[in-house]
Amino acid sequence: MRCLPIAPAFLVVLSAALAVPPQRAPYMPTLTFGVTSVRQCPPGPHNNGFNNPPQSGRLTATGVWAAQLIGWAYGVDYRVQVVGGPDWVQVARSNEVRFDVQATSDSATDDKLAKLSDDQAKLEKQHMLQALLADRFGLRVHMETRQEPALALTVAKRGPGMQKGEPPPPRPEHSNGPWSAPIESHRDPRGMEVVGHGASIGGESVEDLAGWLQFYLGKRVIDQTGITVTYNFTLQFHGTLSDMETNDGSMWPPVETAIQEQLGLQLRDTKAPAQVLVIDHIEMPSPN
């Protein structure tokens, strides 16, 4: 049998079909703030606020702890993932070392940020805050995995007692205005009320119940429910078992009790490996 030659055109088509598409390099942020002001707040109560629009070279933080700035700069939960450093760094009601920070950039930086996607702009703003912290606080950090205390979120014996619901539509890109969130919360004279509008139960997003509890309790919450659908629910509680004083009936129950009675879920203490951001060096910034 005689082998027929393969046509050159067929080889071109075959090689194109088998070619592996080139991998796009990850976006590398490079921008920095032009002018920064860091001032320590005087002792006393302060409003705690942070305004950092992604497509603008401005940042304003009011009455914030250093750990909050570090968490925002590196995209980690400042309550549970920023560890180490002196006591004045951490978030605590007794810690009165807070800062007001204002930072701006030039119009060229604003123009570049305005043309980026939300994800790219977020990386740039994080890099800009990282550079600010390194310059003004002398911050040096590294990531590592540690066994850390945590709370496991599981399904109680009677099963979940919530109504299934559809999540709200995602926020449009480049939108900075108010938008429906899967979880909303507000304070009440009887405690805290958390309302889920088609919210997921587990996961790591701050919009999920596990993420919201992690933020509120200041302790890592691990989803072990196995729940994959979204729910509507209302959770009403006041503090935790550890800080609950004698209840005369005017306050809602502690969160451990409320989450079991009202949602059919439960929290239990555990330990689990966690990625944490370790502070290697930080110093008080000089005022300006």
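**Helix α2 and the side-chain pairs**

Mentor: The buried residues of α2 are covered by several elements, among them β3 (59-64), β4 (82-83), β5 (99-104), α4 (118-136) and β12 (265-281). Contact here means heavy atoms within 4.5 Å. Helices (H or I, at least four residues) and strands (E, at least two) are DSSP runs, numbered from the N terminus. The model is a predicted one, in which local features need pLDDT of at least 70 and side-chain atom pairs count only at pLDDT 80 or more, while totals for chains, interfaces and linings use all residues. Residues are numbered from 1 along each chain as its sequence is written, and side-chain values use heavy atoms, with hydrogens and water left out.

Helix α2 spans residues 66-74 and is mostly covered, with seven of its nine residues buried. Buried means under 20% relative accessible area, exposed over 50%, and partly exposed in between (1.4 Å probe, protein chains only). The buried residues are Ala-66, Ala-67, Gln-68, Leu-69, Ile-70, Gly-71 and Ala-73. Just after the helix, Gly-75 adopts a positive phi of about 65°.

The aromatic rings come next. Rings of Phe, Tyr and Trp (its six-membered ring) pair if their centres lie within 6.5 Å; planes under 30 degrees apart count as stacked, over 60 as edge-to-face and the rest as tilted. The structure holds eight aromatic pairs. One of them joins Tyr-78 and Phe-215 edge-to-face, at 6.3 Å centre to centre and with 85° between the planes. Tyr-78 belongs to the loop between α2 and β4 and Phe-215 to helix α5, so this pair ties together parts that are 137 residues apart in sequence. Tyr-78 is buried, with a relative accessible area of 9%, whereas Phe-215 is partly exposed at 36%. In the pair of Phe-99 and Phe-137, the ring centres are 5.2 Å apart and the planes stand at 80°, so this pair is edge-to-face. It links distant parts of the chain, with Phe-99 in strand β5 and Phe-137 in the loop between α4 and β6 (140-155), 38 residues apart. Phe-99 is buried at 0% relative accessible area, and Phe-137 counts as buried at 1%.

Ring pairs also link Phe-50, Trp-72, Tyr-78 and Phe-215 into a cluster. Over the ring of Phe-215 sits the charged end of Arg-79, 4.4 Å from the ring centre. A charge sits over a ring if NZ of Lys or CZ of Arg is within 6 Å of the ring centre and within 35 degrees of the ring normal. Arg-98 likewise lies over the face of Trp-65, at 3.8 Å from the ring centre.

Finally, the salt bridges. A salt bridge is a side-chain nitrogen of Lys or Arg within 4 Å of a carboxyl oxygen of Asp or Glu, and the count by this rule is three. Lys-219 is bridged to Asp-269, with the closest N and O atoms 3.4 Å apart. Lys-219 lies in the loop between α5 (209-217) and β10 (220-223) and Asp-269 in strand β12, so the pair ties together parts that are 50 residues apart in sequence. Lys-219 is partly exposed at 29% relative accessibility, while Asp-269 is exposed at 59%. Glu-144 forms a salt bridge with Arg-146, at 2.6 Å between the closest N and O atoms. Arg-190 forms one with Asp-188, at 2.9 Å between the closest N and O atoms.
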